[in-house]
Amino acid sequence: MRKPLGAQISHMLCDRGVEVIFGVPGVHNQEMYRGIDEAGIRHVLARHEQGAGFMADGYARATGQPGVAYVITGPGLTNIMTAMGQAYSDSVSMLVLSSCLDEVDAQRGQLHQMKDQRAAAETVADWSVQCTTPASTYRMVERAFEEFELERPRPKHIQVTRGALEAVADPAAPPAMPAMRATSGAPDVAPVVSLLGMAKRPLFILGGGAQKVLWRDVLEPLGIATFTTIAGAGAVGLDYALDFGSSLARGSSADVIGSADLVVAIGTELAEVDLWRDHLGHTASLVRIDLDPEVLADDHAAQIKLCSDAESFARAFWDATKDRSAAMGWDAAEVQTARQRWRSEVEMERPGIVAICDALRAAVPLDAMIYSDMTQFAYVANEVWPMSRPGHWHHPAGFGTLGYALPAAIGGAVARPGKPTLAIAGDYGFHYTLQELGVAVELGLPLPILLWDNARLKEIEESMERAQIAPFAVAAKNPDFCKLAEAFGAASVAPTTLEALQEAVKAAFVADGPTLIYMTPALTQG
């Protein structure tokens, strides 16, 4: 049936498996809203486009499917660009569809006008295109979904002119295939297996791109030790005796890596935010497995480079090594000693938080999906809170955006109804997106929101002190966060003991709406 193109877009998305759209309507993109309900897609109304973007990000991480957002021309797009930048940095599939003006060169002073909206979005997206016809719009949507399956996940932006959105159009063709998921052929793992045959202390580093594999089953029989990046946390599950954890940023981790006689890095950029040093620390051969050729060509200069997804590599590697005996160079006591030393370093750097993490970990279900913000509490938790499974702790490590946790957790909770989701935010970052509390209340999400209030930008304050700068502009007057949450219609609680904190978290997971759980450094003194 012929309909305005804006409505046809929603029907096309539905045909390709989209179940939820996050966004904010406006006069410029209202035609995109004509077909959402008709197509049977759920719409989540964010309070700000940045929140909509983070929700789409959180939804994508929870489902493995693209998160979709609708925004208006101009400020709607610029507001969501921060979330797009985070998705680009962390390899998250996000499709942002916006309206745009029909003419910007010969006419000035229009509502929401930008000099070059498409180019602005391209700075934080894999690509950004403008479509003026139904055919071009359908083609670019199709291309986006194909690339989400075949290439490194990254956000895409499609803007459609107002005139095109309003014009009547034929529907898009149905998907060419019911499922567009594609797997690469088996990579040649022979060079890696050959090096493994000569190694006594092989070490694997597992990143966010390695999340879909049960690595313990592959590596444990071979006696292979592991590190994970923050994004790769949980890749070997709990209690793997040879797992050094997510402690790559510890300075002495370089010594451990230097003692390995083979290092294999899978699905990780080994970026600044992974290491916080210039060199990984390896002296042995380095093998890199990654989907992105740019990663394989970086300054780490691997001796062997395989352009492959982690699943295909793991399958081929297991087939080639399943009958081999284990290397005997690593000792479980050595690993445990290193982990305990790093845990003590974390406690000395940020006293009190480790104990709170331990208490929370005992109260949070193993299958909980956790979304954290840029806050000292999360920085500690990322190192000392082991995860039982991959892809269940999401932290905005790369782009480092404040305000991520709450809206991303909302997106994750929408994606996983009936399953536990948890948000962890700091007092300052919470200000960035606290308005999205209204969305969590509106949806009745049983979402515990752990708010760590140390009354300042503590990480920045300490950085200034290390740089011999008198701390300046690092403290802001906070509101009564509990009353603020209650004003939105959320529940709130301010536990004063670790036992009370545990009970509050357990209750929040089964509540009929979100609960703000207020924590301060005094908590361990209760």
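This is a predicted model: local features need pLDDT of at least 70, side-chain atom pairs count only at pLDDT 80 or more; totals for chains, interfaces and linings use all residues.
Six of the six residues of β16 are buried, so the strand is mostly covered. Strands here are DSSP runs of E with at least two residues, helices are runs of H or I with at least four, and both are numbered from the N terminus.

## Neighbours in the sheet

β16 pairs in the parallel sense with β14 (residues 369-372) over four bridges; two strands pair if DSSP finds at least two bridges between them. Ile370 stands opposite Leu422, and Ser372 has Ile424 as its bridge partner.

β16 also pairs in the parallel sense with β17 (residues 448-452), over four bridges. There, Ala425 stands opposite Leu451. The open sheet has six strands in the order β15-β14-β16-β17-β19-β18, with parallel pairing. Its edge strands, β15 (393-394) and β18 (491-493), each pair on one side only.

## A spot in a loop

Asp116 sits in the loop between β5 (94-100) and α5 (117-122). Asp116 is partly exposed, with a relative accessible area of 42%.

## Reading the model

Residues are numbered from 1 along each chain as its sequence is written. Local features need pLDDT of at least 70 and side-chain atom pairs count only at pLDDT 80 or more, while totals for chains, interfaces and linings use all residues; side-chain values use heavy atoms, leaving out hydrogens and water.

How values were computed. Buried means under 20% relative accessible area, exposed over 50%, partly exposed in between (1.4 Å probe, protein chains only).
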